[in-house]
Amino acid sequence: MSSPPTQGQPEDGHTFARVIQFMINKAASGSIKELDGLCNIAQHWKPEQLLILLPVFYHHLDPARIPDVVTSRDVRSIMLARYSLKGVLVTLNRVNHPRELMQATQTIADNLISNWHRCHLWVNFLYRHFFASSNPARLPGLLITRSEALKLVVNMLMRMSLIGDSQTPQSLINTPSLHPIISQLWCMAVTSKDNDFLAEADKVMGSKEQGAFQEHMSYVVQACLDVDHPSFTSTLIHVAGGIKAMASIASKYIRNIRCLYKKKVISGQSIDDTTSCNSVFGVPRWQIMLINCFGNCANLLFVTSQQNCALREAYINRNLVAIIIYTLRDLCQLSSTLKDDDFAKHVKKAFEDALGYIALLMGGPVDDLVAVICQALRARFLPTILQAHTCIPGADAAECLNALLITALRSYLTFDKVLRIAGSELDADEKSLDAIAQRDTDLLQAWNLFKKDVRRFLDLRSQIPSASIFFDRQCSAVHNSDEWHPQWDLFQCARCTVARYCSRQCQNIDWDQGHRMACKYLKAAIGPNASRYIRRSLFLLAKIEDAEIQSHQEFISQLLVTAQAEHPEFQDRLVLEIDPVAEGPADKFKFKTVSNYLHIFPEVSERPWQVASKWRQSMGLHSLYLPPVMRIHEGYEITDQPNLLFSPSTALRMAFKEHGLDTRVNDSASSVYYTGSSL
């Protein structure tokens, strides 16, 4: 019996109903032709009408019919499963329209979830035997091509990624048998150099736009990513070929987005009367695809960085921080074309995912955090992060990641390298950046504090002679301190890692002349991690320490009186803690008892503090409290054990007191630097 017309319903409703019921009965009994006819007719039905077809489609997806080896006896079962999956996809197409939410569409979605144990086994079968196989079965009546198998597999994965919930067993993340397939398809979509295959894959995804296959797989991969479920990430790394290969694929993933964006911009495609737009959002299809891929990529980096430390560092080594920022800046230009509030939510989420990944790194833990900050600044982080606020529609002040990131960046200005790069970026774009920051109160406040600290610290840095800035290029021995050497010609003290010498003889001389005592104080001044960035910023930190104490002497004196009243038994055993990036004096300074800082020295006792205090008094630093400590932030979130440094000013005076330093020091914190021309 021939199938009825596919366009509309016949005038005689009773006749149509009888024909449909006949087709359903025949399809249920195993008629491939009638099952195919139902798939074609169902494309024009309403969601509530599709419900009567669901039992027929899922009936032929019985896992017991899946063969281990395809033979002629299995052709019928395979073809029935093929058209059944096609029918399931036809019904699921109705679920994609958010404006048609109703009980019927929810029932369609629930049916997929309840029958997922049937569907995913057939999806696995079609992928292994008709797409991934180098020698697929060729039997009479077996009409499944490689493209058809790819279309069924990817679309079923895509639909389930939109419907499934990671909290339920019926979801992609909880279907480990599909994880290798998803990983292989994603790697193929990103890295394949076969343009013919990619063009065909984009076509079978139902889109004429380049990159549709990658977009579909990015959605599927995102559905499998969950911080609490690391198994998929392990599978993805294994399929990719290891940590380095995975980082390389992720790098190419985001580069593909940038390349496609530049190609579209160069070709002049924008919203006009000739540009094909999405029927739901009213936005060009390629813009939707770029925003979705970018957000999914940022989420991939965010989740996998939390799950695998080695992969997180590999991303950084691949310069992905800079690439994310460059791409974010490019896509900010698309925001001016937004027409629909629903799509605006997609843009908001994509940009927040990208900013969330950057915030994750800036909040630590990262092996080389300062290098990440410098990488971001060189990628024009400042103008991008300010501009992104104007491109995140509907962002509330409470969730303004831009202001948080500016605040986080401000906490790294005590590092000399970060300060220099931030200063150069500020000099280049300050006026334009000020205009952008004016649009949001919280962002403007964070931006003004950032600018204030940059200018203040740069002014202090300019007062430091060049010989002090580049002290690591000179031999620390007194008799040889005027000679400059390439850094590779000097070796450092193994204990403090600060003092450098041109020979063993110079080291022995300096040890006897005072480095014996100063060594452990220099070690305490750069912290337990012995960061090279702190080591190269010691003179800047010393200058900031002296300037803070000098400019707030009256407040510190009052604070000391209060602390002595609270701790009468610690009158002369109080330590001033300085936070150089805090906003006000009340947050910048605090006195605590020395017992809170014993861990700074290996012996965990008060003796090093008492020795340093007596030395300060012998040098004219008559103070009622012990040497101060400086707090160095490792992110905008203060940890339970922040990075506390012993007074850099005191340590440098002790180490280089015979190197031409001004020893006329007092509570006003006068200069402790080499004589010579300033930078």
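The structure is a predicted model, in which local features need pLDDT of at least 70 and side-chain atom pairs count only at pLDDT 80 or more, while totals for chains, interfaces and linings use all residues. Residues are numbered from 1 along each chain as its sequence is written, and side-chain values use heavy atoms, with hydrogens and water left out.

- Helices (H or I, at least four residues) and strands (E, at least two) are DSSP runs, numbered from the N terminus, and buried means under 20% relative accessible area, exposed over 50%, and partly exposed in between (1.4 Å probe, protein chains only).
- Strand 3 covers residues 574-578, and because 5 of its 5 residues are buried, this strand is largely enclosed by the rest of the structure.
- Each face of strand 3 is covered, with Leu574, Leu576 and Ile578 buried on one side and Val575 and Glu577 buried on the other.
- Two strands pair if DSSP finds at least two bridges between them; strand 3 is joined by 5 bridges to strand 4 (residues 589-593), and these two run antiparallel, with Val575 standing opposite Lys592 of strand 4.
- Strand 3 is also joined by 3 bridges to strand 5 (residues 626-632), and this pairing is parallel, with Ile578 standing opposite Met630 of strand 5.

**Aromatic rings**

- Rings of Phe, Tyr and Trp (its six-membered ring) pair if their centres lie within 6.5 Å, and planes under 30 degrees apart count as stacked, over 60 as edge-to-face and the rest as tilted.
- The structure holds 16 aromatic pairs, among them the edge-to-face pair of Phe125 and Phe130, at 6.0 Å centre to centre with 75° between the planes.
- Phe125 is buried, with a relative accessible area of 0%, and Phe130 is buried too, with a relative accessible area of 3%.
- The ring centres of Trp186 and Tyr253 are 5.7 Å apart and their planes stand at 80°, so this pair is edge-to-face.
- That pair links distant parts of the chain, since Trp186 belongs to helix 9 (residues 179-191) and Tyr253 to helix 13 (residues 243-266), 67 residues apart.
- Trp186 is buried, with a relative accessible area of 1%, and Tyr253 is buried, with a relative accessible area of 1%.
- One aromatic cluster is formed by Tyr521, Tyr597, Phe601, Trp609 and Phe646.

**Charges over rings**

- A charge sits over a ring if NZ of Lys or CZ of Arg is within 6 Å of the ring centre and within 35 degrees of the ring normal.
- Arg82 lies over the face of Tyr83, at 4.3 Å from the ring centre, and Arg146 lies over the face of Phe131, at 4.1 Å from the ring centre.
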